[in-house]
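Could you walk me through this structure in my viewer, one selection at a time? I'd like to know what to click on next and what I'll find there.

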Amino acid sequence: MTTIVYDHKNKQIAVDSRATSGGLITSDEEVKWFYIKNELWVMCGALCDKDLIIKAFQSGDRAYELKEIPDANAIVFRDGKVFMRGVTETGEAWTQELTHNRCLGSGSSFALAALDHGKAAKEAVQYAATRDCYTGGKVHVFDIESCRFLDE
């Protein structure tokens, strides 16, 4: 799966680059973010469901009901704010503005504990990778204040 960290204090979003299929590592160089208009989306879950989750939000933050439910969630950066987005089991899109630390994906519990112990976003993902076999590869960090990836 993935580990995504939103570090509210340091205003950063970090994500690993491991892709898996079942228990097999297929790549440690996967790009898990994309831009739609003026939004940065950082996704976890089934990357093949990218188009489904985008469709759920085709009319902005207003709910749009889907017949197929994407197995994906996202942290989204827009206009200086950070949001978490997903789709309910009944196909309704939801958006929540984040005003505190939040982690998504298979290594989220480990990453959140690392944040609780003073680690920054990148370090939190790196720690999650030591415990979660679905997290790994290079960790990419998006800095909210400069609106750019620090390692690109």
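**First stop: glutamine 12**

Select glutamine 12: with a relative accessible area of 14%, this residue is buried (buried means under 20% relative accessible area, exposed over 50%, partly exposed in between, with a 1.4 Å probe and protein chains only). Before moving on, note that this is a predicted model, in which local features need pLDDT of at least 70 and side-chain atom pairs count only at pLDDT 80 or more, while totals for chains, interfaces and linings use all residues. Residues are numbered from 1 along each chain as its sequence is written, and side-chain values use heavy atoms, with hydrogens and water left out.

Glutamine 12 sits in strand S2, residues 12-15 (helices, H or I of at least four residues, and strands, E of at least two, are DSSP runs numbered from the N terminus). Show its contacts (heavy atoms within 4.5 Å): leaving aside neighbours within four places in sequence, they include Val5, Tyr6, Ala121, Phe142 and Leu150.

**Next: valine 139**

Now pick valine 139, in the loop between H3 and strand S11 (140-143). Valine 139 is buried too, at 7% relative accessible area.

**Along helix H2**

Select residues 108-116, helix H2, where Ser108, Ala111, Ala114 and Leu115 are buried. They lie on the same side of H2 because they cover an arc of only 125° around the axis (taken from the directions from the helix axis to the C-beta atoms). Turn to the face away from that buried side and you will find Ser109 and Asp116 exposed. Among the elements covering the buried residues of H2 are strand S1 (3-7), strand S10 (102-105) and helix H3 (121-131). Just after H2, look for glycine 118, with a positive phi of about 90°.

**Last stop: the cysteines**

How many disulfides does the structure hold? The count is 0, a disulfide being a pair of cysteine sulfur atoms within 2.5 Å. Select cysteine 44, which counts as buried at 2% relative accessibility. Its closest cysteine sulfur, in cysteine 103, is 11 Å away, too far for a bond. For cysteine 133, the closest cysteine sulfur is that of cysteine 44, at 15 Å, again too far for a bond.
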